[in-house]
Amino acid sequence: MRITIEGASEEFERKLLDLLAEHRDELAVSVDTAWDVDRAMVFLNTLNEDARLFVRLVVESDGHLEAAVLRGAFSRGLRGPTVALTYALKRGVKHGWWPEGTEAPVTVVYGGGPQDGWRQASAYEMSGEDLPVFRAALAHYDAAPRPPWDEEAPSAFAVHPSWAADADAPRALYDDPPTAPNFPDEAAR
């Protein structure tokens, strides 16, 4: 028997957990680690632009894309986007967005044999089950309105607008920076 419960009250959840605890020896409890559109949307929203483009290219190539094509799309190499994908997956587990054991949506295919030692990635793939999920998530991501950024980025050294002009806030820069290191003079000792 498989049961999925969504939107239950806290009281119902407590009673159900008590019932499960009472019959734990008779039950096998498993966690759903499959990707759904909501999880995929969260995953895509936590990625930087390069990593999101990486996923998009794999999805648009029907789940299999040669690494040489990706290397052509990312002039600085594939390490940046692939590391971002790994960190996003770990971040999701840490924040409880998906359970531990959830597989990475994009996996690497290595070329060469095991005798070669270090092997370069030859392709990247997405499973057939995840492909329609990520297609839908990318379509939703593209349809979501994003306000245009028409201003310059604020200075990291500016006082925050909500602070009063005379606020006692530490400043990162000196008004008159020293021209030489401020080391103690050995002769003065």
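Does V108 count as buried, exposed or partly exposed, and at what relative accessibility?

1. The model is a predicted one. Its protein chain holds six helices and three strands, and, read from the N terminus, the elements follow the order α-α-α-β-α-α-β-β-α. Of the 189 residues in the protein chain, 23% count as buried. As for the contacts between residues at least 6 apart in sequence, 61% join residues that are at least 24 apart.

2. To return to the opening question, V108 counts as partly exposed because its relative accessibility is 31%, a value that falls between the limits of under 20% for buried and over 50% for exposed. V108 has its place in strand β2, and, once neighbours within four places in sequence are left aside, V108 is in contact with A121, A123 and Y124. Although V108 and A123 are 15 residues apart in sequence, their C-alpha atoms are 6.1 Å apart in space.

3. The three strands form an open sheet in the order β1-β3-β2, with antiparallel pairing. Strands β1 and β2 are the edge strands, each of which pairs on one side only. Direction ignored, neighbouring strands of this sheet are turned against each other by 30° on average. By way of background, the strands of a sheet pair through backbone hydrogen bonds, in either a parallel or an antiparallel manner.

4. The pairings themselves can be followed residue by residue. Strand β1, residues 64–66, is joined to strand β3, residues 121–125, by three bridges, and these two strands run antiparallel; here L65 has Y124 of β3 as its bridge partner. Between β2 and β3, which also run antiparallel, there are four bridges. On that side, Y110 has A121 of β3 as its bridge partner, while T107 stands opposite E125, again in β3.

5. Which angle do the axes of helix α3 and helix α5 make where they come within 8 Å? The axes of α3, residues 49–60, and α5, residues 79–94, cross at roughly 90°, and the two helices are therefore roughly perpendicular to each other, since angles of 65 to 115 degrees are given that description. On the α3 side the contact is made by D50, A51, F54 and V55, and on the α5 side by P81, T82, A84 and L85.

6. The last point concerns T102, which is found in the loop between α5 and β2, the latter spanning residues 107–110. T102 has a relative accessible area of 9% and is therefore buried, the limit for that class being under 20%. A polar atom of the T102 side chain lies 2.6 Å from the backbone oxygen of P99. Not counting residues up to four places away in sequence, T102 touches T33, W35 and L89.

Conventions:
Residues numbered from 1 in each chain as written. Predicted model: local features only at pLDDT ≥ 70, side-chain atom pairs only at ≥ 80, totals over all residues. Heavy atoms only, no water. Axes fitted to C-alpha atoms, helices over the stretch in contact; angles between N-to-C directions. Parallel < 35°, antiparallel > 145°, perpendicular 65-115°, else oblique. Contact = heavy atoms within 4.5 Å. Buried < 20%, exposed > 50% of the residue type's maximum accessible area, 1.4 Å probe, protein only. Polar contact = N/O pair within 3.5 Å; in protein donor to acceptor, adjacent residues only side chain to side chain. Pairing = 2+ DSSP bridges.
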